[in-house]
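Visitor: Hi, I'm new to this one. Can you walk me through it?

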Amino acid sequence: MRFILTFLCFLSGFYTLAQQASVTGVITDKETKEPIPFVSVVTADGTGAATDMTGRYTLELSPGTHKLTFSFVGYEKQSKQLTLKEGETQTMDVILQSVSLDIDIVVVSAGKFEQDLGEVTVSMEVLKPNVIENRNTTQLDEVLQQTPGVSIVDNEPQIRSGSGYSFGAGSRVMVLMDDLPILSGDAGRPSWGFLPIENVEQVEVIKGASSVLYGSAALSGVINLRTAYPKEKPQTKITAFVGAYSDPQTREAKYWEGQPIKTGFQFLHSRRIGQFDLVFGGNFLADDGHLGPIISSDSLGNPADTASSRFNPFDVNRYGAETRARFNFNTRYRSKKYKGLSFGVNSNWLVGDGLATLVWENADSGLYQAFSGAATRTEQFIASVDPFVEYYTENGSSHSLRGRWQNLDNDNDNDQGNFSDVYFAQYLYQQNYERYGIKDFKSTFGVMTQQTTGVSELYAGDNDEGDNYAANYAAFLQLDKTFKERLTVSAGVRYEYFEINGENDSRPVFRTGVNYQAAEATYFRGSYGQGYRFPSIAEKFIQTAIGPLVIFPNGELQPENSFNTEIGFKQGFKIGEFKGFLDLAAFYQEFDNFIEFTFGQWDPNPTFDNLLGLGFRSVNTGRASVSGAEISVLGTGELREGIELSLLAGYTYTLPRSLTPDLVYASSAAAPVNNYSYTSTSFNSNNDILKYRMQHLIRADAEIKTEKFMFGLSYRFNSPIENIDQAFLDVEQLPDNLVDVNWGLADWMDNRNTPVHIIDLRAGYYITPQHRVSLVIWNLNNREYAIRPLAVEAPRLTTIQYSVNF
């Protein structure tokens, strides 16, 4: 009996084996042709396997018809059906198509040529036009504050704590418009209202040293506004708005009757006319501002308290008030006869009138009023003309010749205006080596020159006439190569020559970077870059005063240099139709001959009339570093059908430290025994934190759009500034017969220098697809705060906006 059972089992097993069949094959990537490991292969009844490292799979199945599903992250799921006979082995090779997980953002600034955002070797953020338009932005710095890692201190851009406060002289962030520098030639300062925000393709922000491609001012990064050319369909956009400031939290500080007003409009028209591209636009702004009041005179010369005057958009009547108008145009002709040739002229013109104050009267009732002598009225004129020629050849090369003339005239009421002309030219040659048998290899070579001539009472520290001349010449080369469509390597060098009023210096800087695509939409990157910045005319030769505080020139100021290293990880993601990038970065930047705006006794002949010779000047302070980490997310797409979400958010931590806190970098001009160091000039030298830096920043902006509605929220968090110049507090302790100062800064730093949370709101209704009315509220929580001590920020601003786009 046992023998019979054993024999039956044997026959059953043999029969089962005879009934089995199998399928095998290799799964490859459609584009790279490479095998894909770990692909899931599953039948309808759940039987499954995974491909090995060679992309091969094998499945044993019963005879019959089966449906196989092949799936792997980053690839389109694919299903195939087959019929197996008893004992049969079929081969089924499968080719999978990758799914685009990135958000199709192409950037130019990283290498001066088009690249996918995920493939660049540096940290970058991108601002699209919708967030600029929908927030009712009137100048670019207002929206830049929503960029992770970026803050604006008194109109000066900071990227990852690379800069402090410098009285508007010198910048470690290069600001560009269409790849050409827009910083003033004498002070190295951006005029944010000059940039044409009504015509934006996108704004690209590079974080980290970028001096190889962009020169001296790019020590900590680059902000590049790229304007747009016409699409196939003509476009006209008009936006008008009116808003009012709320009462401040400190009720006794309210100086005005009624509500200060902010109003304006902007327009844009773009179209193609055959081979000719035309874009023109402009804006007008009238802003009462939130600082004041000022006692002016009426038409008969009688005193008039403007705190109770009616709003007049053509009259500047309060500290912080501004009125300006700007017009710009872009033209381009695309040659039909010579394929690849285009040329044109872009131009931008601005006139403005404004009152600016740098120091408040006191920290309670005078919080929104100006300290005596600390306000300046400026009538401003800025113009730029940018001719260009571009030629793209059939052999993969391109030639670009671009120029810019930029004129700046600041007519100040304190007899300390400044006038300058900047002449800039750059030739760029790029070569793609595909036709020479070298795949994915590109070289970028360029030469540039910039000449600045200036006449200024403000910058008369070198000669009584205030005549200044600066020149900058440079040549640069960058090579970019991608290996096996995964590893991108970039390396570059720049040699730069500077001259200011006969003093000159020159040196090379280098950079390199790598980006490895580990999987579809998974990128690892690392970079190293050197930076070098020659002082501006303003830093060396400024000579002015803010009330009792004098700003001294420093003709001996030396160039500063730095290096920056970074490692990063970028991961694409997709949730339904919403897709984007998560980015992680760790960075370290070190400076030598670090230039800081520092208080001391700089006048060798101190008297009571000149506040004992005390004041500020730019000095080289030794070595410093900034280390930190950042996480950010950028995404766009449909959450569900008909509901679109745009998101940009990030958290940045920095540790900005002096590496030579006890280095004596200067001595008192009147009493050489009084030495100045980081420690001796700091309000709080704990952990050697640099002055005027915020170590923790959170930035977030989210917008939801449907067919009829738009709703957005912006959030900004700034940690308190831990360290400032001790001199600001020392001045308050001087005898009243020497200087009458009671700013209340010590109490502010002790009790009101707290973390800042700011929320902005916007909501819009589409009357038709072309017409929209919106409510925009900045500082929704009406937070009373100061980013830089002695300068309070604006209270809540509520605006009604109407826009038409057709």
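Guide: The protein chain has eight helices and 47 strands, counted as DSSP runs numbered from the N terminus (helices are H or I with at least four residues, strands E with at least two). This is a predicted model, where local features need pLDDT of at least 70, side-chain atom pairs count only at pLDDT 80 or more, and totals for chains, interfaces and linings use all residues. Residues are numbered from 1 along each chain as its sequence is written, and side-chain values use heavy atoms, leaving out hydrogens and water.

Visitor: How many salt bridges are there in the whole structure?

Guide: A search finds 40, each one a side-chain nitrogen of Lys or Arg within 4 Å of a carboxyl oxygen of Asp or Glu.

Visitor: Which arginines does aspartate 277 pair with?

Guide: Arginine 272, at 3.9 Å from N to O, and arginine 334, with the closest N and O atoms 2.9 Å apart. Aspartate 277 sits in strand β20 (residues 276–287) and arginine 334 in strand β23 (residues 322–334), so that pair ties together parts 57 residues apart in sequence.

Visitor: Is aspartate 277 buried or exposed?

Guide: Buried, with a relative accessible area of 0%. Buried means under 20%, exposed over 50%, and partly exposed in between (1.4 Å probe, protein chains only). Arginine 334 is partly exposed at 22%, and arginine 272 is partly exposed at 31%.

Visitor: New topic: what about aspartate 411, where is that found?

Guide: In strand β26 (residues 397–412). Aspartate 411 is partly exposed, at 46% relative accessibility.

Visitor: And how much of the chain is buried?

Guide: Of its 806 residues, 56% count as buried.
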